Each structure stands twice: as structure tokens, then as C-alpha cells.
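Dear colleague,

My notes on the structure follow directly after it.

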Amino acid sequence: MSAALEFRQATKNFGRHRALDGLTLALHPGEILGFLGPNGAGKTTAIHLALGFLRPTSGGGAILGKPFGDTAVRSRVGYLPDVSSFYAEGARSAIEFAGKLNGMRNPRLRERARELVARMNLSSAGKDARKFSRGMQQRLGLAQALVNDPEVLILDEPTSALDPAGVMEVRELLRAAREEGKSIFFSSHQLSEVEQICDRIAFLHRGKLLREGQMEQFLEESGRSEVVVRGPILRDFQPYASEAKDEVVRYVVPVLRQRELIEHAWTAGAELISVTPLRRTLEELFLSWSDGGSGEA
Ligand SMILES: Nc1ncnc2c1ncn2[C@@H]1O[C@H](COP(=O)(O)OP(=O)(O)OP(=O)(O)O)[C@@H](O)[C@H]1O
Ligand SMILES: [Mg+2]
């Protein structure tokens with residue numbers, strides 16, 4: 001199946017500054033891809049290229065098989081900008097406005113707007129969207145992105161202003177959207193969220209794609225194991241021993257060496273107290289990748 005969204009060697013310069021450097025990346029149909037990277041990495045720039053707001057310096061890409069900027073797919077894509085701007089109107093009419101821009105008509109549009117006001121808890125938000133709290137504006141922006149029931153969702157930091165309940169609601173919303181077969185591409189700095197809902201992640205650093213792959217694989221491959229043993233420190237595993245008191249020693253070893261450690265402990269007549277798998281968090285991986293861009297993890 002062809003990609004829902006695809007960058008091909010997309011490059012963007014602002015003057016002499018290269019904000020995006022040969023990005024090649026695909027969002028597969030029906031998946032959630034987390035687009036990560038430190039501030040200024042080029043995430044928003046890449047999203048703006050995909051939507052045709054900016055023209056690439058070289059390279060390009062396609063959404064639903066149409067080249068970036070092609071207006072024919074506009075009505076099949078939902079977009080949440082990193083900073084939304086609104087008019088002096090309430091949530092429902094702002095959602096209806098977004099629907100009209102996508103060619104939607106009443107009565108379906110009116111019904112859909114009412115449904116989204118309820119779903120995004122916007123009924124008490126007020127009459128003037130410009131004065132909504134930042135979190136309410138983000139909910140409204142999401143409702144606008146969803147109004148046309150899009151096949152592809154492109155969200156630039158969808159949860160940056162939300163309270164914990166809001167973050168959870170958006171998580172459920174994105175999962176439900178994936179269940180319906182939608183493809184979701186979103187940038188975020190909220191790594192625990194990303195860890196919970198993404199199928200894949202892509203990590204951008206100074207305009208370049210540094211890492212890309214299955215979320216689970218990243219977390220597992222970098223996994224370690226905590227083994228607690230009562231007995232003298234095992235010579236071969238001394239570098240992994242992090243604490244020792246009253247003959248109880250805590251080792252943190254790569255998963256691949258866990259069995260060997262347990263065998264050594266057994267042979268040495270030590271008592272095995274516990275074995276606990278430790279997964280590195282996405283946050284730890286992010287920090288190691290951000291560190292100069294070559295951090296091994
Ligand atoms: N219109 C512009 N003119 C000049 N430079 C720009 C412009 N837009 C972005 N940049 C620069 O391009 C680089 C990438 O910016 P971008 O906004 O894409 O980063 P980002 O990954 O979205 O960061 P953040 O996590 O802070 O949102 C930055 O160095 C930024 O200063
Ligand atoms: Mg950004």
C-alpha cells in the first residue's frame with residue numbers, strides 16, 4: 001500500500017540556514033508516527049512543506065499520492081497548527097467555519113460541529129475563541145482538524161497546552177482515529193504520551209533524520225535487567241554492580257547478559273533475590289540522541 005504521507009529528500013533553506021536536510025520518511029496507512037526532535041530541529045518546517053505552506057528548496061513528497069501543495073487532497077487531511085489563530089466567535093461556529101473551508105455543508109456540518117463541541121468538552125469555553133485559554137484553543141484546533149473526518153491527520157504538538165485529563169482524552173481520540181483506519185503524523189515533546197501511543201517514531205536533529213523505527217524496538221533493544229543477588233560481588237560482573245550492602249549486590253546488565261550473570265551467581269553459591277527487566281524510557285533515548293546527534297543508544 002502506498003504511504004499516507006511521504007517526504008522524499010525534502011530540503012528547506014531559510015537564507016543560508018538549512019532547516020531541513022534531505023528528509024526521507026513515510027507515514028504508513030493506519031499508523032501513528034511520532035515526529036520528535038529538540039526545539040529548532042525542523043519539525044514544523046517539515047509539516048509546513050507537507051501542507052504546501054512552504055516550498056521545498058529541493059526534494060518534496062506526497063500526501064495520499066498527490067504532491068505536496070496539491071489542493072485536491074486538502075479535504076482529506078486534518079491539520080492542527082502549532083499556534084492557532086481564531087476569530088471572535090464561539091467554538092461551534094469556528095468548527096463550522098473549518099468545515100466550510102473543507103467543502104462541508106449543512107445539515108451534516110451542523111451535526112458534526114455539535115458532536116465535536118461535546119467530544120472536545122468545549123461547550124463551556126465561551127463566546128470568543130480568541131479569549132479561550134490556551135488549552136481550550138488547542139481543543140478547538142483539534143476539533144477543527146477532525147471536522148471533515150480526514151484520512152490523514154497532521155498535528156503539530158497536539159497536547160502541549162492540555163491538562164492531564166485533556167492529554168488523556170487526546171490519547172484516546174488518536175487511538176480511536178487509528179482504529180478507524182486513519183493515519184496520524186504528529187510532533188510532540190511529551191515523550192510519555194508518544195511512548196504510549198506511537199507505532200513508530202522518527203527523530204529529527206538539526207534538520208536531519210537521525211533515527212526512525214518501531215517504538216517498541218527502540219525501547220526493547222536498549223533494555224537492561226536488574227538482578228539482585230546476596231553473596232560476594234561476582235568478579236566478571238563488577239562493572240555492572242551498582243550498590244552493595246550487607247552482601248546484597250544490585251547489578252544492572254544488558255538483557256543479553258542476564259542469564260550468564262544468574263548462572264555465575266548460582267555457581268558461586270549466591271542467593272538470587274530478584275530479576276527485574278528495566279526498559280529505558282523514550283525520554284532517556286531522546287536525551288542520548290539529542291546529545292550531539294551521534295549518541296549511541
Ligand atoms: N520562516 C522562517 N524563517 C527563517 N528561519 C526559520 C523560519 N521558520 C523556521 N526557521 C528556522 O528553522 C529551524 C527549524 O525550525 P522549526 O520551527 O521547524 O523547528 P521545530 O522542530 O518545529 O522546533 P520546536 O520544537 O521548537 O517547535 C530553526 O532554526 C528556525 O529558527
Ligand atoms: Mg515546531
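The structure is a predicted model, in which local features require pLDDT of at least 70, side-chain atom pairs count only at pLDDT 80 or more, and totals for chains, interfaces and linings use all residues. Residues are numbered from 1 along each chain as its sequence is written, and chains are lettered from A and ligands numbered from 1 in the order in which they are written.

Overall form

The secondary structure of the protein consists of nine helices and 14 strands; helices (H or I, at least four residues) and strands (E, at least two) are DSSP runs, numbered from the N terminus. Taken along the principal axes, the box filled by the C-alpha atoms is roughly 75 × 45 × 35 Å. The domain assignment gives domain 1 (5-219) and domain 2 (224-278), with bounds that come from an automatic or database domain assignment. Between the C-alpha centres of domain 1 and domain 2 the distance is 46 Å.

Of the 297 residues, 38% count as buried. Here a residue is buried if 20 or more other C-beta atoms lie within 10 Å of its own, exposed if 12 or fewer, and partly exposed in between, with C-beta atoms placed from the backbone. Among contacts in the protein with a separation of 6 or more, 68% join residues 24 or more positions apart; two residues are in contact if their C-beta atoms, placed from the backbone, lie within 7 Å.

The ligand site

Which residues surround ligand 1? The shell is made up of Phe14, His17, Ala19, Gly37, Asn39, Gly40, Ala41, Gly42, Lys43, Thr44, Thr45 and Asp82, where a residue is near a molecule if its C-beta atom, placed from the backbone, lies within 6 Å of it. Two or more residues of this shell are given by each of β2 (17-27) and α1 (43-51). The largest share, three residues, comes from α1. By class, the shell has three nonpolar, seven polar and two charged residues. In this scheme Ala, Val, Leu, Ile, Met, Phe, Trp, Tyr, Cys and Pro count as nonpolar, Asp, Glu, Lys and Arg as charged, and the others, Gly among them, as polar.

Helix α1 is itself mostly covered, with eight of its nine residues buried. These are Lys43, Thr44, Thr45, Ala46, Ile47, His48, Leu49 and Ala50. Just after α1, Gly52 adopts a positive phi of about 80°.

The pair α2 and α4

Two packed helices are described by the angle between their axes and the distance between the axes. For α2 (residues 91-101) and α4 (residues 134-146), the axes come within 8 Å and cross at roughly 35°; axes are lines fitted to C-alpha atoms, for helices over the stretch in contact, and angles run from 0 to 180 degrees between N-to-C directions. In this pair, Ala91, Ala94, Ile95 and Ala98 of α2 meet Leu140, Ala143 and Gln144 of α4. The residues of this contact divide into six nonpolar, one polar and no charged.

Individual residues

Thr11 belongs to strand β1 (residues 5-14). Thr11 is partly exposed because 19 other C-beta atoms lie within 10 Å. Leaving aside residues up to four places away in sequence, Thr11 touches Arg18, Leu20, Asp21, Gly22, Pro56, Thr57, Ser58 and Gly59. Thr11 and Ile32 are 21 residues apart in sequence, and their C-alpha atoms are 23 Å apart in space.

Pro164 lies in helix α5 (residues 164-179) and counts as exposed, with 8 C-beta neighbours inside 10 Å. From Pro164 to Phe286 the separation is 122 residues in sequence and 22 Å in space, C-alpha to C-alpha.

Most residues other than glycine have a negative phi, and most peptide bonds are trans. The peptide bond from Asn106 to Pro107 is cis, with omega near 10°, and Pro107 is found in the loop between α2 and α3 (108-119). Asp246, in the loop between β12 (241-245) and β13 (248-254), has a positive phi of about 50° although it is not a glycine. Glu247 is placed in the loop between β12 and β13, and its phi is near 70°, also a positive value in a residue other than glycine. Asp246 counts as exposed, with 6 C-beta neighbours inside 10 Å, and Glu247 is exposed, with 12 other C-beta atoms within 10 Å.

With kind regards
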